[in-house]
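Hello,

Have a first look below, and then read on for my notes.

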Amino acid sequence: VDDPSRSVLSVIFFSVLEGHLSIFPAEIKALAKTAVDSSIDIYEKISSEMLPTPAKSHYTFNLRDLSKVFQGILSLNVKNCPDVRTFLRLWCHENQRVFQDRLIDTQDKDTFQRWLHEMLK
């Protein structure tokens, strides 16, 4: 079975995130599309560029990993997210927790950090 297309992933995760953020301040709600697109970008990059090798056989990433990012974001409570900065910090944290924590060498971790910084621009 083929993985769903990027547009299908975007619709699914955007619908879920937009619904969750409906009670958040407008400036946070406005980040839903960007957060979804950036998360999918990270998932696609890590899946295609950090492939398993004999030393890194656990570098297998799938849609379950992407869904774990959103599962973490969906645990956010409106009273614990007073501003955009807090939301962006959580987005970074969830991507690091799901993806970066599995990386084993400094070069891969630095590359992942660079990707996150590019997405935050």
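This is a predicted model: local features need pLDDT of at least 70, side-chain atom pairs count only at pLDDT 80 or more; totals for chains, interfaces and linings use all residues.

Let me start with helix H1. H1 is made of 15 residues and spans 21 Å from its first C-alpha to its last, close to the 21 Å expected at 1.5 Å a residue. Leu 9, Ser 10, Phe 13 and Leu 17 are buried in this helix. They sit on the same side of H1, because the arc they cover around the axis is only 95 degrees. There is also a nonpolar patch on the surface, formed by Val 8, Ile 12 and Val 16, with about 220 Å² of accessible area together. Val 16 belongs to H1, which runs over residues 6-20, and Val 16 is partly exposed, at a relative accessible area of 42%.

Next, the salt bridges. The count comes to eight, and I will describe some of them. Asp 41 pairs with Arg 6, with the closest N and O atoms 2.6 Å apart. Asp 41 lies in helix H3 (residues 32-49) and Arg 6 in helix H1, so this pair ties together parts that are 35 residues apart in sequence. Arg 6 also forms a salt bridge with Glu 44, where the closest N and O atoms are 2.7 Å apart. This second pair again links distant parts of the chain, with Arg 6 in H1 and Glu 44 in H3, 38 residues apart. Asp 41 is partly exposed at 26% relative accessible area, Arg 6 is partly exposed at 30%, and Glu 44 is partly exposed at 32%.

Another salt bridge joins the side chains of Asp 105 and Lys 56, at 2.9 Å from N to O. Asp 105 is in the loop between helix H5 (84-98) and helix H6 (106-120), while Lys 56 is in the loop between H3 and helix H4 (63-74), 49 residues apart. Asp 105 counts as partly exposed at 25% relative accessibility, whereas Lys 56 counts as buried at 17%.

Enjoy exploring, and write back with any questions.

Best wishes

Terms used: Residues are numbered from 1 along each chain as its sequence is written. Side-chain values use heavy atoms; hydrogens and water are left out. Patches are made of residues with over 30% relative accessible area and no salt bridge: like charges are joined within 9 Å, nonpolar side chains (Val, Leu, Ile, Met, Phe, Trp, Tyr) within 5 Å. Accessible areas come from the Shrake-Rupley method with a 1.4 Å probe; for residues, only the protein chains shown count as cover. A salt bridge is a side-chain nitrogen of Lys or Arg within 4 Å of a carboxyl oxygen of Asp or Glu. Helices (H or I, at least four residues) and strands (E, at least two) are DSSP runs, numbered from the N terminus. Buried means under 20% relative accessible area, exposed over 50%, partly exposed in between (1.4 Å probe, protein chains only). The expected span of a helix is 1.5 Å times one less than its number of residues. The arc is that of the directions from the helix axis to the C-beta atoms.
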